[in-house]
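Colleague: Could you take me through the sheet and the aromatic contacts of this model?

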There are 2 protein chains.
Amino acid sequence: MEFSEYFPIWNQLKPRQQETIADKVTFRAVKKGAILYSGIDCTGLLLIKSGQLRAFILSKEGREVTIYRLFDRDLCLFSASCVLRSIQFDITVMAEKDTELWVIPADIYKQLMEQSAAVSNYTNEIMASRFSEVLWLVEQIMWNSMDKRVASFLLEEAAIEDASLLHITHETIANHLGTHREVVTRMLRYFQSEGMVKLSRGVVELTDRTKLKNLSGA
Amino acid sequence: MEFSEYFPIWNQLKPRQQETIADKVTFRAVKKGAILYSGIDCTGLLLIKSGQLRAFILSKEGREVTIYRLFDRDLCLFSASCVLRSIQFDITVMAEKDTELWVIPADIYKQLMEQSAAVSNYTNEIMASRFSEVLWLVEQIMWNSMDKRVASFLLEEAAIEDASLLHITHETIANHLGTHREVVTRMLRYFQSEGMVKLSRGVVELTDRTKLKNLSGA
């Protein structure tokens with residue numbers, strides 16, 4: 001079964017545990033834009049085979065800010081908030097690209113964590129890693145001005161897509177960064193006037209990455 | 001030994017594990033203002049007997065923002081970043097009050113986590129709880145204006161101290177919230193003009209908690 005190749009600590013499970021999880025896991029293919037999880041419930045853990053997910057929080061007014069993003073072989077833990085009773089926040093998980101993934105039922109995973117220090121320690125590592133990302137975000141929003149954050153975001157996108165031509169709207173960038181579309185548009189026009197990007201409908205082309213990098217302060 | 005009464009999962013340890021940890025743990029009494037941890041090293045885990053700690057991040061320019069606070073019986077995990085290799089951030093931990101605590105050496109704790117699913121799951125719960133606090137902070141700084149945040153902070157302080165008279169400087173409040181002293185002073189003066197607080201040197205007295213609460217939006 002393919003799941004075993006993607007689940008990082010498969011070899012540390014006992015044969016009976018492997019059987020249980022292999023038996024209960026389900027495979028799903030979702031389209032770009034699908035909401036996989038929202039709010040506090042227990043969808044289960046999501047292990048990505050291929051694709052891209054985005055976890056974000058929502059304000060009462062419907063503004064968004066991206067908390068972290070998940071790629072091939074990443075495990076989404078917070079879509080199973082019932083696994084840990086100390087998780088007390090609402091997060092939304094959305095497919096940023098067409099995505100294939102396995103859903104591990106929360107109760108099965110919880111059982112494994114209780115039985116196996118390996119599973120529990122692996123979970124700790126994932127959480128520490130997400131924690132690091134969120135603290136990086138706090139630093140960004142506390143100390144970096146929006147122009148630096150937009151520049152960083154464009155460079156991150158270009159790295160993910162391995163391309164200089166990004167098919168992304170100003171609205172989408174604003175939703176990642178927790179700001180308004182108008183703010184992003186203003187920044188991008190400034191970037192364009194400085195020769196760092198070239199704008200056209202639904203497209204941002206990075207034309208001077210060095211200059212963007214210098215601006216981002218990275 | 002008293003440590004056993006404070007360590008929440010003492011009874012879930014095997015006798016030999018109890019012996020190891022009891023043997024290696026050290027007791028410390030620190031004064032208010034003492035820095036217990038800064039940056040990425042491996043001080044060890046801190047279990048608070050009594051007192052109050054504050055974990056914060058620092059900008060390059062020396063600005064601070066409080067990430068979370070720890071009280072009696074709380075365990076500070078991130079002062080032992082080597083326990084989890086995925087912890088990749090610099091945090092500073094400072095005593096906000098005179099504090100008595102135990103230091104659990106990082107290697108001993110790491111060993112326990114690897115042996116015991118109970119210890120590892122307990123660690124997961126702590127991390128999930130801190131994660132929830134940091135996401136709350138992200139929501140605060142993203143969606144709440146500074147007047148709301150100052151009002152929330154004053155109410156939190158009053159709850160911690162169980163008092164309406166707070167001995168705290170504007171500078172300290174600014175460092176908690178990641179802003180400048182002048183901004184806090186302006187807010188507090190506005191609060192005073194609205195009858196919510198009364199200001200004197202080094203003191204903020206809460207005179208209308210209901211009004212502060214309404215303002216905070218809580």
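**Sheet and rings**

Modeller: In this predicted model, three strands of chain B make an open, antiparallel sheet in the order β9-β11-β10. Strands are DSSP runs of E, at least two residues, numbered from the N terminus, and two of them pair if DSSP finds at least two bridges between them. Local features need pLDDT of at least 70 and side-chain atom pairs 80 or more, while totals for chains, interfaces and linings use all residues; side-chain values use heavy atoms, without hydrogens and water. Residues are numbered from 1 along each chain as written, with chains lettered from A and ligands numbered from 1 in written order.

Colleague: Which residue is the bridge partner of H167(B) in β11(B)?

Modeller: β9(B) and β11(B), residues 203-206, pair in the antiparallel sense over three bridges. The bridge partner of H167(B) is V203(B).

Colleague: What is the angle between the planes of Y6(A) and W102(A)?

Modeller: Rings of Phe, Tyr and Trp (its six-membered ring) pair if their centres lie within 6.5 Å; planes under 30 degrees apart are stacked, over 60 edge-to-face, the rest tilted. Y6(A) and W102(A) have centres 5.2 Å apart and count as tilted, with a plane angle of 50°.

Colleague: How many residues apart in sequence are the parts that this pair ties together?

Modeller: Y6(A) lies in helix α1 of chain A (a DSSP run of H or I, at least four residues). W102(A) lies in strand β8 of chain A, so the pair ties together parts whose separation in sequence is 96 residues.
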